[in-house]
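Try each task before you read its solution.

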Amino acid sequence: MQQSEKRSLFRFLAIYLGSTFTLFLLVTFIFYGFQKHQIINNQNSKLLVKSEEIIQKLRKLSSTYEERLIYPKYEDFHSAIYNLNKEYIFGSKSYEKIQWEKEYYQKGEELLYVRPVKPYYLGASYLVISQKLNQEPLTELFRLSLLFLLVAGVIFTLLSLFLGKLFIDPMKESMQTMNKFIEDTTHELNTPISTILTNIELLETIHNCNGKQEMRRIEIASKTLSRLYEDLTFLKLNHNYHREITALNLSELLEERIEFFTTMIEAKHLQVEKQIEQNIIIDIDRNDAIRLLDNLLSNAIKYNKKFGELNINLNRQSLTIQNSGHSIEAKKIEEIHQRFKRANSSEGGFGIGLDIIGQVVQRYNFNFQINSKENHTEVTISW
């Protein structure tokens, strides 16, 4: 799967799953709150029934003076009676800080019910009765809510993956068509490019022909096509390309690639300053190193101005290439790493050079930095 396809899929999944889970979390929260209210109401109703029973016993005690007065007690309930001034008279528990304005309320792990007593049996004006909150149905409700969220999450994740596949299929098909076009194009370009370059070398070395300037133009165009062919091949085969990591002399390879671009450098009348430390060895695949150097040099030449400067510095920590071309806007520096993005649309190219550099840098865990100011752009690769 291509990076663009992955980004599109991840964005779709983030939006779809994020909105879906938010909706289900809200629905579950509302459902849990409603059911919790129902469970507590059911337990409150038991307090109401038991309070009625206590009041009936109080009525019986107040009307039968010859019997011994025994306040009703229960294992699962506590209660107490208070006078008109809300002072404690008697009960199985003395309550503190009673919320007299409320009929039902919860205090800690207890449910309380405050009920006025009329008429006043045994001087009681208020009856307060309580029971411990039964947590089992609430725990079960919470467990079922979590299970529902988990099952819904799994189902909608699978559904989102299916929908995401349908979402990116058209893009994938387009990318496959483009890749097939690139593959066919690069195959067709390879033979004529190789033939042109070979014959140019033969003409320059064997025959003393006229038209040296025209020959240089043909050579520049041919080398540009050759580099484009190599870049397109890399983009097509990058993930399936077999790499042979070896200890590569980067100093020698850099000199070789600079020589390759000599014709283009001369055509633009660039002044080249080189500071290349000898025998810089790094572990890298040779073709990846060529791809990296070629794109760095090509961009430095292409975006430079005529009669400009090209400074190349290689040491044991980094490679730095500076050019005296137009500066790059700060906001564009982040964008030009993306495929098909270019810093300057007036120049030629497909905007794939920095994308290729970025892929090579990422593969070998190098550091890649671009700094740009007026008439000065510096690219640094460090390892």
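## Salt bridges, step by step

At 16% relative accessibility, Lys50 is buried (buried is under 20% relative accessible area, exposed over 50%, partly exposed in between, with a 1.4 Å probe and protein chains only). This is a predicted model: local features need pLDDT of at least 70, side-chain atom pairs count only at pLDDT 80 or more, and totals for chains, interfaces and linings use all residues. Residues are numbered from 1 along each chain as its sequence is written, and side-chain values use heavy atoms, leaving out hydrogens and water.

**Exercise 1.** Find the side chain that meets Lys50 in a salt bridge.

- Step 1. Recall the rule: a side-chain nitrogen of Lys or Arg lies within 4 Å of a carboxyl oxygen of Asp or Glu.
- Step 2. Helices are DSSP runs of H or I with at least four residues, strands are runs of E with at least two, and numbering starts at the N terminus.
- Step 3. Glu53 is partly exposed, at 30%.

**Exercise 2.** Describe the pair Glu52 and Arg115.

- Step 1. Their side chains form a salt bridge of 2.6 Å, N to O.
- Step 2. The pair links distant parts of the chain: Glu52 is in helix α1, Arg115 in strand β4 (residues 110-116), 63 residues apart.
- Step 3. Glu52 is partly exposed, at 31%. Arg115 is buried, at 17%.

**Exercise 3.** State how many salt bridges the rule gives.

- Solution. The count is 10.
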